[in-house]
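Please follow the chain in the display while reading the explanation below.

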Amino acid sequence: MQDATTVLSIIRERGEQGLPLKNLYRQLYNPQFYFRAYVRLYSNDGAMTPDATGETVDGMSREKIKTMIDLIRQERWRWTPVKRVYIPKRNGKLRPLGLPSWSSKVMQEVVRQLLDGNSEPTFSDHSHGFRPGRGCHTALSEISHGWKGVHWIIEGDISDCFGSLSHDVLMN
C-alpha cells in the first residue's frame, strides 16, 4: 500500500488538473487512512458519547480497522443507524442531534479525506462553507475588505419559515 499522504497528494494533483479519479474504492483498503481519521476525530468532545450500539472511541483498535477494511473488501460494510437525541435551544424548543456510531464516523472521515483531496482544488476562492481554514469569519472578512458599498449584512434563519405558512398561500 502507498503512504496515505502520497495518495492524497496524487489525488489533489489530479483534482487541480481536472482529471477524474480512478480506483478510489481501492483506497478504502489502506489502513493509514483510518489511522489518520482516528487521529483527527479522537479528541472531539463527542468521542466518548455512546451511540445506539454503545460504541465509543475506546472501541477503536487495529483489529477493528482490519475488520472494517475486510467488510469493505467483501462489499459487506453497513452504516449503523444514528442515535437521535434532542438538545434544548435558547428559545425553549428542542434541536435534533444525530450521533453516528464511532465506526461510521471514522469511515465518513476516510471518505471525506479522499473526496476532499480531489474536490478542494476545484472550488471557488469565494466559497467558504465547510472548507479547511474557511468559514463564516473568512466569508465576512472577504465581504468587509472586498465588497465596496456594503454597509449592512443581515443574517436570518428561514428554515421554519415555510413550515408555518399556509400551504394555500405558498401554492398561489
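In this predicted model, N23 is exposed, with a relative accessible area of 51%, a value that falls in the exposed class because that class begins over 50%. The residue N23 sits in the loop that joins α1 (4-16) to α2, and its phi is near 55°, a positive value in a residue other than glycine. Most residues other than glycine have a negative phi, and with that background the backbone of N23, at a phi near 55°, deserves a look in the display.

A positive phi also occurs at E75, where the angle is about 55° although E75 is not a glycine. This residue belongs to the loop between α3 (62-73) and β1 (83-88), and E75 is exposed, its relative accessible area being 59%.

Returning to the loop between α1 and α2, the reader will also find Q17 there, which counts as exposed at 56% relative accessibility. From C-alpha to C-alpha, Q17 and A37 are 26 Å apart in space, while 20 residues separate them in sequence. A second pair to compare in the display is Q32 and T5, which are 27 residues apart in sequence and 8.9 Å apart in space, again from C-alpha to C-alpha.

Q32 itself is placed in helix α2 and is partly exposed, with a relative accessible area of 31%. When residues up to four places away in sequence are not counted, Q32 touches Q2, D3 and A4.

How do the helices pack? Two packed helices are described by the angle between their axes and the distance between the axes. For helix α2 (residues 31-41) and helix α4 (residues 102-119), the axes come within 9 Å and cross at roughly 110°, which makes α2 roughly perpendicular to α4, because angles of 65 to 115 degrees are classed in that way. The crossing of these two helices, α2 and α4, is right-handed. On the α2 side the contact is made by F33, Y34, R36, A37, Y38, R40 and L41, and on the α4 side by W102, K105, V106, M107, E109, V110, R112, Q113 and L114. Sorted by class, the residues in this contact of α2 with α4 comprise 10 nonpolar, 1 polar and 5 charged.

A polar atom of the Q113 side chain lies 3.3 Å from the backbone oxygen of F33. Leaving aside neighbours within four places in sequence, Q113 is in contact with L8, F33, R36 and A37; of these, F33, R36 and A37 are listed on the α2 side of the contact with α4.

The remaining pair to consider is α3 and α4, whose axes come within 12 Å and cross at roughly 65°. The two helices α3 and α4 are therefore roughly perpendicular to each other, and α3 passes α4 in a right-handed crossing. Here K64, M68 and I72 in α3 meet S103, V106 and M107 in α4, and the residues of this contact divide into 4 nonpolar, 1 polar and 1 charged.

Note on methods:
Residues numbered from 1 in each chain as written. Predicted model: local features only at pLDDT ≥ 70, side-chain atom pairs only at ≥ 80, totals over all residues. Heavy atoms only, no water. Axes fitted to C-alpha atoms, helices over the stretch in contact; angles between N-to-C directions. Helix = DSSP H or I, 4+ residues; strand = E, 2+ residues; numbered from the N terminus. Parallel < 35°, antiparallel > 145°, perpendicular 65-115°, else oblique. Left-handed = near helix turned anticlockwise from the far one by under 90°. Contact = heavy atoms within 4.5 Å. Nonpolar A, V, L, I, M, F, W, Y, C, P; charged D, E, K, R; others polar. Polar contact = N/O pair within 3.5 Å; in protein donor to acceptor, adjacent residues only side chain to side chain. Buried < 20%, exposed > 50% of the residue type's maximum accessible area, 1.4 Å probe, protein only.
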